Every structure is written in C-alpha cells, then in structure tokens.
Amino acid sequence: MIIVEQKPLEEILGYLKPYKKVLVVGCDGCTQPPRSLREAKSMAMQVEMGSKLEKKDITAKATTLVKQCCKDSVAGLGEMLEGVEAIVSMACGAGVQTLAEAFHPLPVFPAQNTMFIGSAEHNQGDLVEKCQACGDCLLGYTGGICPVALCAKGLMNGPCGGCYQGKCEVTKEVTDDQGNVTTIQNDCAWFMIYERLRDQGRLDLFKTYRPMRDARVSSSPRSIKWA
Amino acid sequence: METKAFSNLMKAIMDGKFVYTGELEPHKTADITDVVEWATTLKNTGKIVAANVTDNPQSMASISSLAASYVIQRDSGLEVVYQLRCSDRSRMALFSDLLGASMLGLRNVLSLTGDHPATGDAPQSKPVFDLDSAQLVELVHNMVYEKKDYAGNEIHGPDIQLNVGGVANPGLDPVEPEVIKVARKAHAGADFIQTQVIFEVEAALNFLDMLAEYTDVPVLMGIFPPRSYGQASFFDKFVTGVTVPKDLLDTFKKFKEIEDKAKRKEKVDEYNITYFVDFIKEIRKKKNSAGCHIMAVGYPDVIAPIITGAEGK
Ligand code: SF4
Ligand code: SF4
C-alpha cells in the first residue's frame, strides 16, 4: 500500500485562495488509510466550511476514481469538471501528477503527503514502511525482510554495531493527535533477518558477503517499458 | 587471502607480537595541539605501536580524521590508525580520501559503518551509507591488491599502501550475528579487527573462539580502564553491548568514599592494573588474539604498568 498522511487544512485552503469552484478527487487504489469517495466528500465539506470561516465561499464537489495514477481511468472525470477552477487530489503523488498532466491547464493540488510503501501492523495499528522500490529486490536473500527499507542505514552486511538485543540505535519520536510524544525504538532489520534465516535453517545466506550495490537501478527519475 | 604489512602495526602483528594500540579523539575545533600532546604521551610510553584517530564519533562532526591523522603522525611520530566511517561519504569520497591517506603516508585505515546521524548533533543531516563497513574493507583491499577503484577502473602510479582493519563488538547479546558479520569483513579482506570495549573476560574469550571457527583474522581486544565509578557505570548503562562486572562497579563505588584524592587514585589505579593485567594474560592465550586496543583518553598513568604487567610471565 502507498501510505499517505493528510496535509493540514490550512495548507490546502492556502492553495485554493484564488478559486471558488473546486473538485475533490479521491482514489480507490492503493492509498492507506483509504482516500476514496467518503474521504473526498469529507474533504469537500472541510474545504467549504474552512473557506466560510475565512469569509470566502468555495463550492466543493467530490468524486473518486478507480485508479488516479492511470490515464485511462482519469478520462472518466470529464463532465464533473464543468465550471471547476481547481482540483484537490486525495491520491498519492503519482495520482496528483497524472491528474495535473491530464487536465492541464487546470491546477491540481495535493491533499496528502505521500509517505512510503508499507503495510499495516495490526497488532500496533501502525502503518510501517516495508519497501523503498530499490529496483533490485533482495528479499530472496534476506528471509523476506527488507534491509533497504527496514535498516536505518540500508546496510547490505549488517547488523551494525548499533544493534543491541535486537533493537536499532536509531529511535523516532512520534506525536499522536493529542500531542503526546513517544519514542519508538525500531527492531534491527538485520537482527530480524538473522533470526528468520536461522529459524529456517538458511544461515548460509546470512554468512554470505554482499558486494557494493549498483545505485543506478534506484536512482531517479526511473522508467521502464511496459508491453 | 594475501596480506602484506605496510604499517608497523601490521608488521608487529605478522611477526607474532602481542601489540597495543591507543585512541585519539580530535574535537570540534580547528586546533589539534592537545591531541598531538596526548599522542606524544602515548608514544613516550614506548609500548603503544599505533593509535586510532576517530572520525566524527557519535555522529558529531570534528576535525577531518584524515587531516588530523596526518598532523598527529607527523608531529608526534606515533603511527596512526586512520578511522573512516561510511555514514558521511559516498564510495567516491571514501576512495579519494583513501588515495590521499596513502599519499600522506598513513598506513592503517579502520573501516567503520559509523553511527547514524540521527544519534548525533545534526539529526537533520542526510545519512549516506553508500557502502557499509564490509564493502569499505573490500574497496581498500581492491585498491591495494588489484590497483582498482570502486568500479574496477585502474589506479595509476605508485602502489597503494594501506592495511585495513574492521571493528567488532564482542559483548553483544546474542553474539552470533556479530561473529558472522566480522567473518564477512575478514573475507572481504580485513587485515585485523579492533573491538569495542569489553570488560568480561569470559565473553572476550568466547568471542575469540567463535570467530576462530570462521577465520584466523587477528583481533585486538578493546579495553577501557575507568578512572571513576561514574565512568564505569556510564559504560555499563549507556554504551551498546558493554557490561561492566558488578564486582568492579561495587569496588569503584566504595572507592568514592575515600576522601583523600591521591589515595583514591592510587586505589583506582591499582585495581585497574590488576584487573586488566589478568584480563590480557587470559586473552593472550588464544591464537587469534593479537593485541589490545587501550582506550584510556586522559588516563595515561595506568597504560605502561598494565602493559608491563601483562608482558611479565
Ligand atoms: S529489497 Fe528493494 S525492492 Fe525489495 S523490498 Fe527492499 S526496497 Fe523493496
Ligand atoms: S542497528 Fe540494525 S537496523 Fe539499525 S542501522 Fe544497524 S543494522 Fe540497521
């Protein structure tokens, strides 16, 4: 899933200052938390109410697309766009850019910060980064645990000296909605790789030296030929 | 794997001598005078073959370890082990610093992953980690033995003369992943290993034995004679993988009660000397034990007696 986090409403209202008619477009694709019709409608409402507080009157409609990053799918917006002066996209950065290109010169604004490719850890209710789309997947050597996304240093030959009792030296401070700050100590990716391979009787993989990577496969901008 | 000795440190190790190295830490200033003085003190003990020059320890930037290493070696006459971290430099920057080191007559380089910048005084800084410590060892090895750079391009001119070391943390729990990782560094071409501080002799011996099952790379075990209870308990509490035995902590706590400063110091020195002489005598028995890395910055008095004691039969 592509993990997104909503931008502050003030930022979105800031983008919309010059406009009166806005379309909020959700995406039914891979964003997590979901950013579909329900969330688009709620965003449209927030925009209308927020603009009223600023003594402005924005009319915001809402709709959604199956996949905002797909050119064929966005063509479906067609008549919804009548009279619209600006689009607010609920999708990830790829969706925003697809709309911006498809409907130029109509301005398109992001309502989300696109965070990472990840999954939900249900036991903690957290969304966790899992993959950095490095272009040369190593999961086959590492017991299905990604050292690029989950090791703070992206090491190929870990664990480093910062690993103690399975924990990483790098901590993160996370602030919740109530403003409470908690320090999270991550599990050491390489320690998890060690344990998994050990338990699977495949420690030979852990013993193998991994040479320098070719950074070209993960250097932006990237594209591949499809069909 | 072929090993040539370019440094006095490596020559001594290959001659089968039990060697002692020290540690020097340049600060966040453009002045290196006090570090050169400390290097001179180490040199004058007549027992330290080389000293490490740290590279932005704890991810707090200080004088470039390359510049510091050169000046320290030139002005004190003590051979240095130039430390180099992967945290701050891409493979190109590492390589060009290594060429510079060889040109400047530095003969030992120690490869470190380096702390994450998030743990230092500039958490906003971008972490590099283009290579990890094992890959940096391989880079040095290829420069020396193949005359090749990071991409296999030829290096022209004089041979690169560098002995490369790696680090280990023998006190980690569990220690097996660490042992395997150190073995990877040895196979990538590490000439020697220097370890993080360790106090517990059993753990040190266990590490040496476990490592010997993978490689015969020579190990210099890190020791740290604490000057006070505060220092000892700091290591125990805050340094990853370091456990200080309870006996030592309790005894040092008692020393705190001695009011006469000189007397207290005498007791502390005495304890340290006995403790570490015994420690070194034990680890020396292992074949892959090649020396001790003594981290006693600002505490020179015990260095010579510890070494003399450990050398006595
Ligand atoms: S190795 Fe690369 S492609 Fe595979 S999960 Fe990690 S970042 Fe993604
Ligand atoms: S402790 Fe583990 S996860 Fe953290 S940087 Fe080191 S190897 Fe990576």
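Predicted model: local features only at pLDDT ≥ 70, side-chain atom pairs only at ≥ 80, totals over all residues.
Residues are numbered from 1 along each chain as its sequence is written, chains are lettered from A and ligands numbered from 1 in the order in which they are written, and side-chain values use heavy atoms, with hydrogens and water left out.

**View 1**

**View 2. A:Val96 in helix α4 of chain A.** A:Val96 lies in helix α4, residues 93-102 (helices are DSSP runs of H or I with at least four residues, and strands are runs of E with at least two, numbered from the N terminus). A:Val96 counts as buried because its relative accessibility is 11% (buried means under 20% relative accessible area, exposed over 50%, partly exposed in between, with a 1.4 Å probe and protein chains only). Beyond its neighbours within four places in sequence, A:Val96 is in contact with A:Gln68, A:Ser89, A:Ala91, A:Val108, A:Phe109 and A:Pro110 (contact means heavy atoms within 4.5 Å).

**View 3. B:Thr113 in a loop of chain B.** The loop that holds B:Thr113 runs between β4 (108-112) and α5 of chain B. B:Thr113 counts as buried because its relative accessibility is 9%. Its side chain makes a polar contact with the side chain of B:Ser133 at 3.2 Å (a pair of N or O atoms within 3.5 Å; within protein, one must be able to donate a hydrogen and the other to accept it, and residues adjacent in sequence count only if both atoms are side-chain atoms). Among the residues that B:Thr113 touches, not counting those up to four places away in sequence, are A:Lys153, A:Leu155 and A:Cys160.

**View 4. The contact of chain B with chain A.** Chain B contributes 30 residues and chain A 26 residues. The rule finds 15 residue pairs in polar contact across this interface, both residues at pLDDT 80 or more. On the side of chain B that touches chain A, twelve residues are nonpolar, nine polar and nine charged.

Key: Nonpolar A, V, L, I, M, F, W, Y, C, P; charged D, E, K, R; others polar.
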